[in-house]
There are 2 protein chains.
Amino acid sequence: MDSSPFSQRSIRDYARPASAEELDFVLRAARRAPTAAMMHAYSIIVVTDPDTRRTLDELASRQKALKNSSLLLFCIDLRRARRWGELLNCRMTFGGYTGLLFGAVDCTLAAGNAIHAAGSLGLGTCVVGAFFHRAPDVCKTLDLPPGVLPLLGLTLGLSAESPPLRPRLPLEALVHENRYQDSDDEAVRRSWDAISTWSGGPEEVHRSEEETLHFIRSTIAGPWWESGEKQVLEALERQGLATGTAPTSGDGKTG
Amino acid sequence: MDSSPFSQRSIRDYARPASAEELDFVLRAARRAPTAAMMHAYSIIVVTDPDTRRTLDELASRQKALKNSSLLLFCIDLRRARRWGELLNCRMTFGGYTGLLFGAVDCTLAAGNAIHAAGSLGLGTCVVGAFFHRAPDVCKTLDLPPGVLPLLGLTLGLSAESPPLRPRLPLEALVHENRYQDSDDEAVRRSWDAISTWSGGPEEVHRSEEETLHFIRSTIAGPWWESGEKQVLEALERQGLATGTAPTSGDGKTG
């Protein structure tokens, strides 16, 4: 385990959580990430309380990565800027899709720094997307006020496994020069070859073409995306972040 | 310039762009980033054509960071999964806010890896948010098809400056334990002290309280957020990514 992007893999089997000193190092690294217009449009919730942790583990269906690990929740936070507006008696114009997406960028750059810092300490990490799809319950559990939305979870700890690198699409599928090059059918099918090698466990598994196509079909057309989206919509409404609804409406002051 | 998060700073003054070999290294590092459900919901456009580059530099108001540097555009890409659905004759259920925000996470984790990889080569980088606010023109310039949205630009090259670290809010403002702790007025004002030291140039500048409050007011309540949001809404409609509009509508097949 090191911090090189080329050896980066998600760790789902941990020997122990991060220590308090390791967590502090990781959080200080996250804080150094670039932030758009100095808005710091994110917050990190460190989950240390056993009951809170149990509730969150249940919400994410007790994934393997949640066992023996520390858990950080990275949240989009427009509440901070709203409080600034309240104190300075001015109407925040930052919001809508811009607020959500700039918030997501701030949040994820901080999470990326945390991943690299953890790697440099010899710790493993795993991004957990499931909390986003249980956002209404996560908001209740962590008392997230309006303007704050849980985006991603990050588990970290000492790795108890050494999995092979997960497959990635080839560079020519991901990178375009000057103009977007739409892939023809042959190029798409060729790119699937690259992800037919799977490594969910300690060993690499080579999928048959049929298995690969089944995997891709279930990934893009699974029923969970639609049920998750319903939860996300509920959370956006609840948190005053549905676009079209200015995040300042309700308690924001005008000046 | 190294890849430690603790010495990370944005570079706006470049001696030269990245070489082809350096770019290749950075792009291969970006490709290794975690990706939700193997969707690879992002694309990177490398801008090498001088005319295209001039157009984009104009769109971002010829910011200093765009001079003498290489430019990568990191885009949310739901088009890829849509093409997969077309070939496999199944309806993509991934979309809406989930598609936008998971796309933003994939995109930004890849950009974060690029930043760290560039740092490990001794190169500087700067995240450029301005392209997002010129998204309709960027989409036209780069021929971005429906399902693709430019999220952030990244300049890179050999640094010609050694700026001090930019200020960040204190850790206690960004990190919460178990429950979100809303800051009282005094804590908010205290956190502003931390960003009263500014370092936009080679030297640190200490702002007066009045200057700091003016900076914060203009940051959260600037007119550009609202004009930028209009552009973003136009781009989301144009690219078939406005939430409520399923990104598959139009040319997606049902199966």
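Reply: This is a predicted model, in which local features need pLDDT of at least 70 and side-chain atom pairs count only at pLDDT 80 or more, while totals for chains, interfaces and linings use all residues. Residues are numbered from 1 along each chain as its sequence is written, and chains are lettered from A and ligands numbered from 1 in the order in which they are written.

Me: Which word describes how H3(A) and H8(B) lie to each other: parallel, antiparallel, perpendicular or oblique?
Reply: Helix H3 (residues 79-88) of chain A packs with helix H8 (residues 209-221) of chain B, their axes being 10 Å apart and at an angle of about 125°. Axes here are lines fitted to C-alpha atoms, for helices over the stretch in contact, and angles run from 0 to 180 degrees between N-to-C directions; helices (H or I, at least four residues) and strands (E, at least two) are DSSP runs, numbered from the N terminus. Angles under 35 degrees count as roughly parallel, over 145 as roughly antiparallel, 65 to 115 as roughly perpendicular and the rest as oblique. The relation of H3(A) to H8(B) is therefore oblique.

Me: How many residues of chain B are in contact with chain A?
Reply: Two residues are in contact if their C-beta atoms, placed from the backbone, lie within 7 Å. On the chain A side there are 88 residues in contact, and on the chain B side the number is 87.

Me: Which residue of E2(B) does His176(A) stand opposite?
Reply: Strand E6 (residues 175-177) of chain A pairs with strand E2 (residues 42-47) of chain B in the parallel sense, over three bridges, where pairing asks that DSSP find at least two bridges between the strands. In E2(B), the residue opposite His176(A) is Ile45(B).

Me: Is Ser61(B) buried or exposed?
Reply: Ser61(B) is in the loop between helix H2 (50-59) and strand E3 (70-77) of chain B, and its phi is near 60°, a positive value in a residue other than glycine. A residue is buried if 20 or more other C-beta atoms, placed from the backbone, lie within 10 Å of its own, exposed if 12 or fewer, and partly exposed in between. Because Ser61(B) has 9 other C-beta atoms within 10 Å, Ser61(B) is exposed.
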